[in-house]
Structure formats: structure tokens, C-alpha cells
Amino acid sequence: MDNIVIETDLLTKRFGNFTAVDQISFQVTKGEIFGFLGANGAGKTTAMRMLCGLSIPTSGTGTVAGYDITKQSEMVKRNIGYMSQKFSLYEDLKVWENIRLYGGIYGLNEKEIAEKTDRLLQTLQFESERNTMVKSLPLGWKQKLAFSVAIFHEPKIVFLDEPTGGVDPVTRRQFWELIYEASDRGITVFVTTHYMDEAEYCHRVSIMVDGRIEALDSPKNLKQQYGVKNMQEVFYHLAQTAKRGD
Amino acid sequence: MLILFGMPIVQIILFGFAVTTEVQNIRLAVLDPSNDQATTEIIRELQANTYFGPVMYVHTTEEANKAFLKNKADIVLTFEENFQENLLHTGTASIQLLVDGTDPNMCKILVGYVSNILTTYQQKFSVSDRTKTQIIPHVKMLYNPQTKSAYNFVPGVMGLIFMLICAMMTSISIVREKETGTMEVLLVSPIKPLYIVFAKMVPYFVLSCVNLTTILLLSVYVLGVPMSGNLGLLVAISMLFILVALAIGLLISTIVDTQVAAMLVSGMILMLPVILLSGMIYTIESMPVLLQYASHMIPAKWYIVCVKKVMIEGLGFSAVFHEVIILFSMAVALLTVSIKLFKDRLQ
Amino acid sequence: MSTLKFLLEKEFKQFFRNPFLPGTLVFMPIMIILIMPFAATMDVRNINVAFVLSEQSPLTNRLIQKISSSEYFNLVEVTSSPKEALSLMEKGSADMILEVPVGFERKLTREGKGDLMLSINAVNGAKGGIGTSYISTLLNDFVLEIRDDLAPVVISSATPVIRVVPRYLFNPSLSYRTYMVPALITILLTLLCSFLPALNIVSEKEAGTIEQINVTPVSKFTFIIAKLLPYWIMGFIVFSIAMILACVVWGLIPVGNVATIYLLAIIYVFAMSGFGLVISNYSATMQQAMFVIFFFIIVLMMMSGLFTPFRSMPLWAQYITAFNPLRYLIEAMRMVFLKGSGIQDIARNLFALIGFALFFLLWAVKSYKKSN
């Protein structure tokens with residue numbers, strides 16, 4: 001069972017009377033690409049924020065990379081990467097300066113940062129944009145860069161909150177290639193998305209409805225279970241039962 | 001939102017009551033080596049005056065110095081030795097006034113107080129009242145018989161608050177839409193850009209009118225500033241000024257791209273000059289000529305002059321005609337320029 | 001520690017890349033130290049006088065001459081109609097109307113007494129008061145000048161005279177600028193070291209980048225220090241420039257110990273940075289933060305004794321100023337700068353400022369949350 005990197009048990013978050021996340025329990029294993037699906041307002045982001053130590057659970061427990069998310073949230077943060085819904089690199093810093101900043105934050109030294117920056121820019125074919133201000137990059141490029149920065153320090157797990165929102169299909173494909181590469185290197189990828197074609201790329205997906213996990217399995221099994229052709233229909237099927245609106 | 005309504009109230013009350021240039025509670029210390037009848041009488045006279053707080057006695061010059069360094073005394077009255085004897089026998093006795101000159105304004109005023117009291121005291125000794133040529137000025141304090149500071153501050157605070165709410169808030173809220181990108185959404189909609197701009201301005205205009213009402217009510221009923229002139233005229237002029245302020249806010253919003261910049265520009269360019277050059281605290285006529293010219297550029301100055309004339313002096317439209325024309329042309333000029341700039345940016 | 005280095009690098013880059021901030025850094029001291037002292041003057045000058053004369057005589061001509069040659073007064077009009085004078089005042093071109101009644105000269109020569117009517121626009125109370133005292137002094141001088149010509153009297157030798165000798169300590173030339181400059185310098189610190197970092201933090205909140213930092217192992221202490229330190233450094237550079245400007249331009253050299261001034265400034269900066277952080281922790285948007293900040297800037301400045309002496313305020317208002325850190329700083333700055341007070345003299349102010357610093361910094365650290 002050493003392979004389990006994320007585990008939650010009846011994890012719950014309430015804001016006043018509103019239960020955003022309602023007793024969710026699941027496990028994610030090492031190197032897995034775990035899709036976290038749900039309609040707007042189903043509680044995905046809240047659940048993810050709890051796992052990252054940004055939000056304190058009302059009740060229930062969870063461990064990430066072997067650390068308790070409530071009590072050892074600072075240890076959790078050493079072992080994860082995070083890319084949020086909003087684009088979160090510094091717009092008024094250059095490409096290399098953003099990479100350098102996050103490398104520095106995670107305790108890499110000057111030499112490591114310099115070497116890894118070169119390699120990263122090469123893989124992304126970004127060498128020419130090294131000195132470009134992030135503000136002036138196209139969105140798709142920004143997202144690829146943000147992802148690369150999130151895994152720059154080789155975290156055990158990377159959390160992606162709707163990383164491909166508003167990105168064109170070609171760039172999205174490239175983006176998923178980056179995700180697969182990371183997964184091959186043993187980085188667990190925890191990703192929320194609205195795109196059902198992306199859900200198909202995941203090893204396993206969970207679907208949240210009204211704060212609860214209604215389904216959790218591989219895309220193939222889910223399709224079989226609901227007797228439909230694609231994830232899109234699985235999602236419709238479940239999302240219809242939702243009582244919360246947008 | 002609460003702060004938008006609360007702020008003017010707090011400001012008008014705080015400043016109306018608290019910000020005053022009247023000199024009061026003077027801390028007087030006395031160094032009295034003679035300690036005779038004359039000196040005690042003089043001290044008593046001083047104490048009887050309402051401007052002075054309790055008298056502190058010091059015994060040495062060092063002690064007096066200490067009191068100054070610790071900021072415990074404003075003035076030390078030093079009698080010479082054998083004060084009364086000298087006064088009666090040689091005919092002269094001297095008092096040295098050691099005054100803390102750091103605040104020159106206060107210093108001058110308090111030397112004036114003390115000298116007056118001493119002169120009155122001295123007259124008691126006058127043996128003869130030989131006809132002395134005298135010109136007696138009969139002073140009439142027009143419009144503000146009790147010389148209350150509030151009369152001067154209320155118009156100033158009004159100018160400041162409208163400038164702050166209208167100019168700053170409109171500029172920030174428009175720039176905010178630019179920053180978040182919602183402005184583009186509005187601009188691609190079939191609504192004319194001009195309407196979008198007006199829609200942004202209207203809430204702040206309404207807000208300012210609400211504030212105008214509260215400020216006027218507070219000034220008249222709490223601070224006791226009279227409403228001598230025509231209320232309608234005052235409201236009309238205020239609205240004109242609010243329009244100018246809104247136009248400035250709009251202009252700023254077309255020039256800058258970030259909220260911080262909008263804030264800095266409106267803060268640096270509007271607030272400080274308005275406080276300094278509008279005649280709210282410092283009288284413009286006393287400034288160097290160059291600054292006096294600079295003050296002509298500040299709409300708040302003209303507005304404050306209007307408010308003083310209409311509200312306090314009770315004058316009619318003809319008296320403020322000049323100022324109204326200036327404000328009006330400022331409004332037109334600013335609106336034209338900013339709308340033009342706004343449209344230019346679209347293309 | 002190395003994390004701090006990277007964060008600081010970022011803050012400095014962002015600071016200098018901002019289109020407005022570096023400019024502000026240059027513009028602000030110039031504006032505040034070079035221009036404000038010109039504007040901030042309590043000296044009342046250029047009082048416009050309208051003269052109402054019902055009859056002309058050598059004596060009144062002399063009086064007119066005297067008034068127009070005074071540096072405080074400008075003679076705008078000599079008229080025989082009180083109505084015209086009043087309309088001048090209503091237009092705002094006259095501040096004072098001096099009316100010489102019929103028979104003034106006759107009465108003055110015969111009875112030794114003359115009456116003048118003086119009407120002053122007292123909307124600005126202070127100006128009215130000072131104008132009155134100027135004109136009284138001027139009239140007294142005038143009387144002394146003409147007395148001998150009119151009725152030479154033997155000065156009685158029996159009248160005892162109390163000689164009053166005022167000595168103006170610390171600011172012998174009674175220059176208002178000398179009084180204002182040390183206090184104006186503190187405004188620089190207030191704006192730079194407390195409100196700018198607060199706005200900076202809120203802007204990261206709005207941009208969402210702060211969340212990215214929050215999921216990293218950066219401790220909140222490191223993050224806050226990285227935010228504040230650049231502004232502290234800039235603050236003290238600007239502060240020093242302002243002191244040098246004060247010296248070069250206004251010839252103001254601190255009488256007291258410069259180290260004491262810096263000590264005061266450092267503690268004040270701690271207090272106000274804490275205050276700024278508290279505001280940033282409780283505001284979600286820039287707009288909100290800015291409005292709160294501007295509200296406090298104005299209240300802090302107005303209630304600090306910067307422009308108007310706080311001891312003139314009513315008692316309840318003075319109690320409010322007890323909660324104003326700026327008041328303690330300005331008072332102490334003026335004491336050290338102009339009077340040369342030592343640390344023990346300003347102990348009360350120092351303790352108050354230390355109290356504020358502890359209070360706000362603790363509150364700031366407590367209320368800053370990486371998670372909720």
C-alpha cells in the first residue's frame with residue numbers, strides 16, 4: 001500500500017449551512033492520472049483546495065504524500081505542485097524569472113535552477129521566449145509554462161485546477177502530452193476538468209455531484225456500467241440528478 | 001459600501017469639531033524668583049484667562065529648559081528678581097518670555113495674549129490718564145462673528161469628499177473593469193460607449209448627492225454652520241462640481257491601465273493639492289505667486305469659494321457667476337477630452 | 001533564507017517594472033519637501049483692503065500710505081461709497097473694509113480719540129483674527145508716528161513700565177516652514193512603508209498569484225518580510241533624501257541626534273507596516289483596500305497635529321488622537337529635529353510607538369492566513 005499518495009476519509013467542508021464537500025473518501029495511487037469531474041459548484045475546487053492545504057476541512061481526514069492535510073499542511077506543500085484555475089504566474093515577470101522564482105521557493109540552488117531552466121525551455125521549445133514578459137504570451141503557452149513551473153521541483157503530486165480552460169484543441173493535446181510525460185516520471189496528476197474528451201485520457205475519474213462522489217472508476221468501466229458510448233453521456237446521466245444549480 | 005456613506009459623516013464631524021487653528025490650552029510655566037505681590041497678581045491674571053491651562057512652577061532655568069525639551073510647556077514667564085521693588089522704585093521691571101517657537105503660528109498668538117494681559121495689568125499702575133492719542137478700531141467680524149473654524153473647514157471638506165468619492169472611485173471602478181476584461185464585454189455589446197461611461201458615472205453621482213445631503217444636514221444641525229444663502233443654488237453648484245470630479249475620474253481611467261496607477265494618480269494629483277491649494281487649511285493669498293496660479297487649476301478651489309459665498313455669506317448667483325463659469329468650462333473641457341480619449345482607445 | 005532572496009528579487013523587479021512606482025519614489029519627496037512647505041504657510045499675507053473715505057485729508061492720506069506700504073496688506077480700492085466696498089467683498093476681491101467716518105481727523109486732533117470701522121470677512125476665522133491683530137498693530141504704530149505732530153505731550157515719567165522681552169526659542173526666525181518640514185517628512189514614510197505594501201498584497205490577492213504562493217512551503221513570515229523589506233529600504237532611502245533636501249534647500253539640520261530620528265522612524269515604520277498588513281488581510285479587492293486606506297490617511301493626517309495643533313482640539317478629539325501613531329511620531333520628530341530633545345525626553349512617544357508596532361504586527365501575523 002506504499003503506492004497510495006492521496007487518501008481521504010469522509011472529508012467534509014461546510015461554509016455556514018452550505019456543505020460544499022460532503023464526506024468524500026477516495027484513494028489515488030502513485031503515477032496515476034486522476035480526473036476529478038463535476039459540474040460548476042459541485043465542490044471540486046473546494047475539495048482540491050483542502051488537499052493542497054489551502055482550506056481546512058470541517059471534518060474528516062486526508063493524507064497527501066503521506067502527510068496529514070490538517071496537521072501537516074506545510075509538509076504537504078513541500079511535496080506538491082499546484083496550478084490554479086486563474087492563471088497564476090506573475091505577468092510582470094519574464095519567463096525565466098518566473099521559473100527561477102518558483103525554483104528558488106522550493107529550495108533549488110542557483111546551479112540546479114539554471115540547468116533545469118535550460119532543459120525545460122528546450123522541451124517546451126520556448127528558448128526564444130526566455131526573455132518575454134509572461135503578460136505577452138498567448139494563453140495556451142502560459143498554461144503550458146504554468147504546468148511546467150508547477151512540476152519544476154519534481155513534486156510527488158501535482159494538482160491541476162481546470163488547466164485547459166479556454167485553450168485551443170491543439171495546445172490542449174500538447175498539454176496532455178506534458179501530463180503523460182509527468183505521469184511516466186512517477187508524478188501523480190490530480191486534475192479537474194470540464195472537457196469530457198480529457199476525462200477519457202485519465203486513468204481513473206471520479207464524478208462529483210452536490211458535494212458527493214457519485215462515481216469513481218476507470219473511464220472504460222464507467223461507460224460499461226452506465227451502458228453508454230462515451231464519458232460525455234456518463235456525465236449527463238449523473239449531473240442530471242444534481243439539485244444545486246450553477 | 002458602508003464606508004462610502006460613513007466616511008463623509010466621520011470626516012465632517014471630526015474635522016468640523018477637531019480641526020481648528022484656534023490656540024487653546026496653552027501650557028504656561030512660571031519662573032518666579034521674586035515671588036512678591038506683583039508677580040502673584042500677574043500670575044493670577046494669566047490664570048484667569050481661559051486660553052491658559054494650569055500654571056506650572058519651575059525653579060531654575062534648567063528646569064525650564066527640561067520642560068521645553070519634554071514638550072511640557074509652551075511658554076515660560078521669567079520674572080526678574082525683586083520684580084515689585086524694581087517696578088515701584090525704578091519704574092521698570094522686566095519679564096522675559098521664553099517661548100517655544102517651533103510652531104510659529106501658535107507662538108505669535110500666545111505672545112500676543114500674554115502681552116495684552118500684561119498691558120492691561122500695567123494700566124492699573126498708571127498714575128494719570130493723560131490724554132493719549134488713540135485710534136479705536138471697531139471690529140465687525142462679518143459672516144462668522146464667533147470666528148469658528150468650522151465655517152472655513154466645512155466647505156473644504158465638502159470639496160475633498162466629492163473629489164475623493166467621484167474622481168477616485170469612478171476612475172478605479174472603470175480601470176477595474178479594464179483589468180478584469182469585463183470592459184471589453186461591454187464594449188462589444190451594441191450599447192454605445194458613451195452610455196457605458198454614463199452608466200458607470202451615474203451610481204457615483206447618486207452616491208455623491210446622498211453624501212451632499214448628509215454633509216449639509218450635519219453642517220447645519222450639528223456644527224452650527226449657517227445656511228444663509230439659497231439652498232437650490234448651492235445644490236446646483238455642488239452637482240456641477242460633482243460632474244467635474246466625475247469627468248476627472250473618467251479622464252484618469254482613460255489614461256492609466258491598472259488600479260494601483262489610478263489610485264496613485266488620483267491620490268497624488270488630486271488629494272494633496274486639494275488639501276493644500278484649495279484654501280481649505282492654508283490661505284491661498286499667502287502663498288508664493290506661482291502656487292497661486294497653480295491653485296487656479298484646481299476645481300475644488302473654485303467650488304470651495306462658491307460654497308463659502310453661497311452657504312456662509314449668503315450671496316446670490318451674481319456673486320458666484322465667475323466661479324460657476326470656470327467650473328462649467330472645466331466640466332465641459334474635461335468631459336470632451338476624456339470622451340474623445342475613450343473613443344480613441346476603442347479604435 | 002535563500003527563499004527570501006528569490007522572493008526579494010521578484011519584488012524588486014516588479015517594483016521597478018511598474019510604470020508608476022519608481023516615478024512616485026522621485027516625485028513624492030520633491031512634492032512633499034520642496035513644494036508643500038511653500039503652500040503650507042500660516043503666515044497671513046496679502047490681505048486685500050478696501051478703504052471707505054467720506055472725506056479726504058492729509059491724515060487719511062498718510063494712513064492709506066501706511067497701509068499700502070505694509071507687507072501684509074494690499075490696498076485694492078479707495079472709495080466713498082460703503083456699498084461699493086461691500087460689493088467688492090462679496091466678489092471676493094476685498095477681505096477687509098476700513099471705513100473712516102466723517103469728522104475722524106477733527107475728533108482725533110481735538111479729543112485725541114478717533115474711531116474707525118473695520119469689517120472683516122471672517123469665514124476663515126484664523127485669517128480674520130490675524131488680520132485684526134495686524135491692523136491694530138499698524139494703527140498703534142500710526143498713532144505713535146502722528147502723535148508728536150498732533151499734540152506733543154510730555155511723557156509721564158511716573159508711569160511704571162513692565163518691559164516684556166520675548167525670546168523665541170528653537171525657531172528664532174519663527175519660520176513656519178521650519179516647523180512643517182520635519183513633520184512632512186513623516187508623511188513620506190506613512191505612504192511608502194505602510195500603504196504601498198498593503199496595496200501590493202491585495203493586488204496579488206486579486207490576481208490570484210497569492211494562492212500559488214500559499215500552496216508552496218514559503219512560510220507566511222518569509223512572505224510578509226519579502227513584501228515589506230523592499231518598501232522599507234525604499235522608504236529609508238526616500239527618508240534620507242528628504243532629510244538631505246531639508247538640509248540643502250531649507251537649511252534645516254536636526255538639532256537633536258540623527259540616530260534618534262532614525263530610531264523613531266524605524267519603530268513607526270514597523271507600526272504602520274503592521275497596520276497596512278491588517279488592512280490588506282481584511283480586504284478582498286483593491287478598491288476596498290484603497291478606500292479604507294485613503295480614509296485612514298486623511299484621518300491620521302488631520303488628527304495628528306500636522307496642520308493644526310492637536311492641543312487646540314476639543315478634549316474628546318484629543319483622546320482620539322491618542323490612538324494615532326502619526327501623532328506621536330510628528331510630535332517626537334519636531335522635538336528632536338527642532339529642539340534637540342533626547343531619547344529620555346521622547347520616551348513616552350517611543351513607548352507609544354513600540355506599543356503600536358507590537359499590536360499591529362501581532363494582529364497582522366494572526367490575521368494572515370495561508371488557509372481557511
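How many helices and strands are there in chain B? Select chain B: there are 13 helices and five strands in it, where helices (H or I, at least four residues) and strands (E, at least two) are DSSP runs, numbered from the N terminus. This is a predicted model, in which local features need pLDDT of at least 70 and side-chain atom pairs count only at pLDDT 80 or more, while totals for chains, interfaces and linings use all residues. Residues are numbered from 1 along each chain as its sequence is written, and chains are lettered from A and ligands numbered from 1 in the order in which they are written.

Remain on chain B. Of its 347 residues, 47% are buried; a residue is buried if 20 or more other C-beta atoms, placed from the backbone, lie within 10 Å of its own. Two residues are in contact if their C-beta atoms, placed from the backbone, lie within 7 Å. Among the contacts in chain B between residues at least 6 apart in sequence, 77% join residues at least 24 apart.

**The chains together**

Display every chain next. Two pairs of chains are in contact, and chains B and C share the most contacts. Chain A and chain B are joined by no contact, and their closest C-alpha atoms lie 12 Å apart.

Now select the contact between chains A and C, to which chain A gives 24 residues and chain C gives 19 residues. On the side of chain A, the elements that give two or more residues are α2 (73-78), β6 (80-83) and α3 (95-105). The most come from α3(A), with five residues.

**The sheet of chain A**

Select the six strands that form an open sheet of mixed pairing in chain A, in the order β6-β7-β8-β3-β9-β10; two strands pair if DSSP finds at least two bridges between them. At the edges stand β6 and β10 (212-217) of chain A, each with a single partner strand, so one side of each is left without a neighbour in the sheet. From one strand to the next, the twist averages 15 degrees.

Within this sheet, select β3 (residues 33-38) and β8 (residues 188-192) of chain A, which pair in the parallel sense over four bridges. Opposite A:Phe36 stands A:Thr192 in β8(A).

Axes are lines fitted to C-alpha atoms, for helices over the stretch in contact, and angles run from 0 to 180 degrees between N-to-C directions.

Terms used. Buried ≥ 20, exposed ≤ 12 C-beta atoms within 10 Å, placed from the backbone.
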